[in-house]
Amino acid sequence: MPRRVRAGSAALLVLAVVIILTAMADSTMQPLPATAPDDRFSAGRALVHLKEFAAEPRPVGSRAGDRARDYLAGRLRAAGLEVEIQRSVGSRSAAGLATFGQVDNIVGRLRGTASTGTVLIAAHYDSAAMGPGASDDGAAVAAMLETVRALRGGPGLRNDIVLLMSDGEEDGVLGAEAFVREHPLGRTGGVLLNWEARGVSGPSLMFETSADNARLVETFAGAVPAPRGHSAMVELYRLLPNNTDFTPLTKAGFTGMNFAYIQGSSLYHTAGDSIANLDPGSLQHHGGNMLALARALGGTDLRTLASDHDATYFRALGTMITYSDRLVWPLAVLAVVAVAGLALAARVRRLLSLPRLIAATASAVVPPAVSAALAQGLWELLVSWRPAYDLMGGLLHRPRPYQAAIAVLCALAVLGWYLALRRRLGPAALAVGALAWFAGLGVLCAQAAPGASFLFALPALTGALGWLAAVLLRTPARARTVVAMFGPVTAAMLGPVTAAMLLPSLAGDVFDGMGLALGGASASVLALSGLIAVPIAELFLPDPATRPKRAVVLAVPLTALLLASVLVAIGLVADDFDADRPRRTHLAYVMDAATRTAHWVSADADPARWTERYVSGHDASALPPGYARGTLRTGPAPAIAAEGPRADVLARSGDTLELHVTAGKGARSVTLRLDRPITRATASAGRFGSVSVPVTGTRAGTWPAEIRFRGIPARGVRITLRIPEQDRIRLTVIAETDGLTAVPGFVPRPPGLVAATREDGDLTAVTRGYTLTGDF
């Protein structure tokens, strides 16, 4: 066709515009000031509350947590809600681990005028011990207070609104577990709106739902001012081991939706999760959606929200599209039929042969696989060049240059595949083969993850129909009509444009959520979007029968590798550590209460200069038995005046061991490690109650069994363990106090360093060991 280069440039420009517009449409909301109308949600007003309780870390059982509890409960009472503090013991079980905690849940109730059920709005007010948790999850809690203010100023709602500000989420959703196990409102069910954060910025995404979500999704899409998220997130999250308060609440019978923002995740669970780093637009988005859903659900008959199927939902250029999962299979099958029809039409036009099509389809797995390998290889190189990245788990402060480098490597993998096989298999076979993969993935997802099928079935369907139209629109090259010049290209762009609206934004979400350590996942998605768009390259290439010159063949990979190298170099300069975007470092203090010997401990593979002043070698043999977990660096430390923990045997009968455990003055938590596996653990904390959990498996990198109690009472707790009968059991009890300032000679971290997220970091640990034999 004439004017090929012009048409190709226009096609690339269209794709770039679609990707940019999609990114812009997926942005967050503009924050409203404190002077906003009373019926609107205002991030400015919510920030006033946030500054009152989220200026310091508030882990479960801490004094800061108590202050936050009192402030939040007081604000709810002042707003006229019925408020209760549920005091209980929460629990969680994992492989070889039982976690308990004394929790104080805040439960506020705004009664409806003619309630048809409960709308439960949930967020946790505790934070990780390393940071103030302004985003995780202070922003959502502050949004709840502002939402209550707006609701109280309007007409009464039909349904009961219950606010659950849970405690102990960071240590294993302890507060939510206690709520559904013991509180009457936790056992009656209802509609749940849970709010979280895994970063400090970005849009509020609806990333998880309960099963049979069709009516909930319909309400979400119609009620909120700026709906964000898509059903593929729901499917992806269901595959991950992560959980939030949403997990125990929905297991107890609640139906609902889970929201979070995830950008700026390098500051997650660190001191950088502060009010100064919080994006007010993210707070506005959280709160604006919360208020809109509270009004919508508070005024509807909740019994009509029941459904027997899920919905597929996603945004396309700013418009939320939803349809029933009953359409998932028909669309997937239509995509297969359309691709088969395209293959048949291309065969009739002698554009491909069946053997070439089969070879092209089989080879199309190469670009995503190579892209994933290149992305993971790049991460390994980055960690070898800058070992401090490893502690960040791939969640870097300024990852954009590295992400751009991965995109370039993906383009190299796709173009390399296409150029290598173009002459042998033909452009038509490669284009149809790529669409065959999309159609196949659409069918696979329809079976295993229906909410994600649209990502592949829709590009396959539109792509096949577009190419089919392009084949049918072919006219003699001497024709100079607009249809002859641009009609086939326009039709063929349907598939690439559809993919451009869906896949790059998905890759961005995966980058934000999983980081560069799992960059291969995002790279695979980018490579798939490239597969469907790569035939545009034909508009810039000579006839396939022409053998390209060696210089041209080498130019593509060399240019891509040079560009990727430049981007990596830019990343290494731009992502250097500073006071605003600090480096993580792990340090803890441990002392054996019996021998009064103490050590500094760090798990850093490449310690910072500040860390090296405390640790100098790898000898962990002098550490208390059972304390070490993984490879550690150690150094001598002065002893401190601490009485340490104690574990007194109350009874032993067969395989059951009962202990009374105290942590000592000032300690917030206690950890027990045993050199034998356990099968059940029970914790009793007097009037706070008792809870028992089964334990399976063993811990990795340390002794096989571990029991934690967070927020331990000063009088101690009773721990009952079931251990396969043993004549000799070794037990190490570790009392943990937040911070290291009590250690003589300790110098705080300088600007540019921040505590790592490892759970035993920045703790003063005092241990005591026991050997229990059959005759104790």
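In what order do the strands of the open sheet of 5 strands run? I traced them as 14-15-20-17-18, with antiparallel pairing; strands are DSSP runs of E with at least two residues, helices runs of H or I with at least four, numbered from the N terminus, and two strands pair if DSSP finds at least two bridges between them.

A note on what I am working with: this is a predicted model, where local features need pLDDT of at least 70, side-chain atom pairs count only at pLDDT 80 or more, and totals for chains, interfaces and linings use all residues. Residues are numbered from 1 along each chain as its sequence is written, and side-chain values use heavy atoms, leaving out hydrogens and water.

Strand 14 is joined to strand 15 (residues 656-662) by 7 bridges, and I saw Val649 opposite Leu659 in strand 15.

**Thr498.** I looked this one up in helix 18 (residues 494-514). Setting aside neighbours within four places in sequence, I list Leu458, Pro459 and Thr462 as its contacts (heavy atoms within 4.5 Å).

**Rings.** I noted one aromatic cluster of Tyr589, Trp600, Trp610, Tyr614 and Phe746; rings of Phe, Tyr and Trp (its six-membered ring) pair if their centres lie within 6.5 Å, with planes under 30 degrees apart stacked, over 60 edge-to-face and the rest tilted. Both Tyr589 and Trp600 are buried.

How values were computed. Buried < 20%, exposed > 50% of the residue type's maximum accessible area, 1.4 Å probe, protein only.
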